[in-house]
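Dear colleague,

I am passing on the structure below, and after it I set out what was found. Please read the notes alongside the coordinates.

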Amino acid sequence: MFISATGGNKKSMKVKIQNLWYRLRGSFWFLPALMAIAAILLSFTTTAIDRIYLYRQNTVAWLVYSGDPDGARTVLSTIAGSMITVAGVVFSITIVVLTLASSQFGPRLIKNFMNVRANQIVLGTFVATFIYSILVLHTVNAEPGETFVPGLSITAAIVMSLLSLGVLIFFIHSVSESIQAQNIIARVRRDLEKAVDRIFPEKLGKEEDSSLGLTKRVYDIPTTCDRDVCQVKAYQSGYLQTVDNDTLMRIAVEENLLIHLGYRPGNFITQGGCLVTIWPGEKVDDRLCKKINTIFILGPERTLEQDVEFAISQLVEIAVRALSPGINDPITAITCIDWLGASLCQLTNRRMPTSHRYDDRNRLRVICKPFTFEGMLDAAFNMIRQNSHSVAAVSIHLLETIATVAAQTHHKEYRDSLLRHATMVAHGCKERLVADGDRDDLELRYKAVAKALDEILEVVAVKSAGRSS
């Protein structure tokens, strides 16, 4: 049974606001626009003070500009002209940096440069100073009997121009640092760390009690769930960026449904594909399909809002590009592996969400497709391993990183996955290496990693046997 939702473009208000705010914070124009609005308000404020207090009371202090109207116009015109010129230079430099970053590290990292607050503040400072100077220049009056020179406003424009000079020096320093590979990698790693802190543990309703084993899970799944179901189709294509988890659980409770999600944030959904599967199927109609579709935000690109693997893929992309014959920079790839290892160590200490979610009455309501440690381990190491078979230094460093991650996890299934990756690294690289010394080093490192993992697994098994007895 299939029911297609062809309408209902209204998004869940909560998710829509959150998604809009995420896009605004990541846009290059949002902060400069706010600074430009602040400059407009400041110009109105300072000129009002000049008219009401300083000008009428004739109380011009020594630090306030006290020249004639022609001099005031010259100062403001010079400041405005220089600011718009420098703003154009800053914009050009930014475009050049974005072009270099796209070709060197990948187009998906352009957003990371655009998200840098320092670059937005620099551009906003010049634009704000230009707008402020133009607005104050408009108030200067040289007519006989109505001469008005806003001394405080002109002084503020001079101060803003001096501040802009310091900001320009800072911008040159910031740009020279932002194009360095290690700084780019560290910035992506910070985004990944924030995403891990924000997403794990992710709760949707009440998670199942793992201490109850599989009995509760099997008992709560209806026996007719494989037959009496209805698939709700997606009415647009794109990457799943955000899911309104609270609304999804509320719909499941209000309609007394069991909802199975076939996608998680970061997956690509095609129009007409199965978005969710609902039991019982007879309760599904066009109204419910529209409600379901409104809680899924799709877009043309992946985002970090709920997709932790996207940041991992950015680090992997930098490493893979560094290993390409055109760039041939294994040091950058090793740096990416170091930060990937640090992120995986962070993940080993987090409780991964389960796939089965319960309401307040312990009734199974949602079966989702959660992120798993094994999946993120594959995302972190597979592509690097596949592109580093002929680079002994990178493969050896992969084995060392696997050993580092294994030392910080207490989950047997995690260590089994780590051992599987270590085996694939060793076997794949041995076939490609030409020098016997490189093969011997790789074999020695693999044996050390395998031995350490076996010893840890034996300790875990002994502890588990002791607890069960």
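**Surface**

At 52% relative accessibility, Leu41 counts as exposed, where exposed stands for over 50% relative accessible area, buried for under 20% and partly exposed for what lies in between (1.4 Å probe, protein chains only). Please bear in mind that this is a predicted model, in which local features need pLDDT of at least 70 and side-chain atom pairs count only at pLDDT 80 or more, while totals for chains, interfaces and linings use all residues. Residues are numbered from 1 along each chain as its sequence is written, and side-chain values use heavy atoms, with hydrogens and water left out.

Leu41 is found in helix 2 (residues 30-57), and together with Leu34, Ile37, Ile40 and Phe44 it makes a nonpolar surface patch of about 470 Å². Such a patch is built from residues with over 30% relative accessible area and no salt bridge, with nonpolar side chains (Val, Leu, Ile, Met, Phe, Trp, Tyr) joined within 5 Å. The chain as a whole exposes about 23,200 Å², of which carbon and sulfur atoms supply 59%, the areas coming from the Shrake-Rupley method with a 1.4 Å probe and, for residues, with only the protein chains shown as cover.

**Overall make-up and cores**

The secondary structure comes to 16 helices and 10 strands, these being DSSP runs numbered from the N terminus (helices H or I, at least four residues; strands E, at least two). Of the 469 residues, 47% count as buried. Among contacts (heavy atoms within 4.5 Å) with a separation of 6 or more, 81% are between residues 24 or more positions apart.

The largest nonpolar core has 88 residues, and Phe200, Val308, Leu344, Leu347, Phe373, Met376 and Ile384 have the most contacts inside it; a core here is a set of buried Ala, Val, Leu, Ile, Met, Phe, Trp, Tyr and Cys residues joined through side-chain atoms within 4.5 Å. Apart from this core lies another, of 25 residues, among them Val232, Ala252, Val276 and Leu288.

**Salt bridges**

The structure holds nine salt bridges, each defined as a side-chain nitrogen of Lys or Arg within 4 Å of a carboxyl oxygen of Asp or Glu. In one of them the side chains of Lys291 and Glu255 meet at 3.9 Å, N to O. Lys291 lies in helix 10 (residues 286-294) and Glu255 in the loop between helix 9 (245-254) and strand 5 (258-261), so this pair ties together parts that are 36 residues apart in sequence. Lys291 is partly exposed at 27% relative accessibility, whereas Glu255 is buried, with a relative accessible area of 18%, and both belong to a network of salt bridges that also links Arg287.

The side chains of Arg445 and Glu400 likewise meet in a salt bridge, at 2.2 Å from N to O. Arg445 lies in helix 16 (residues 436-468) and Glu400 in helix 14 (residues 392-406), so the pair ties together parts that are 45 residues apart in sequence. Asp359 forms a salt bridge with Arg365, with the closest N and O atoms 2.9 Å apart, and both Asp359 and Arg365 are buried.

**An open sheet**

Three strands form an open sheet in the order 6-4-8 with antiparallel pairing, where two strands pair if DSSP finds at least two bridges between them. Strand 4 (residues 238-243) and strand 8 are joined over four bridges, and Thr242 stands opposite Ile297 in strand 8.

With kind regards

Key: Patch = residues over 30% accessible without salt bridge, like charges linked within 9 Å, V, L, I, M, F, W, Y side chains within 5 Å.
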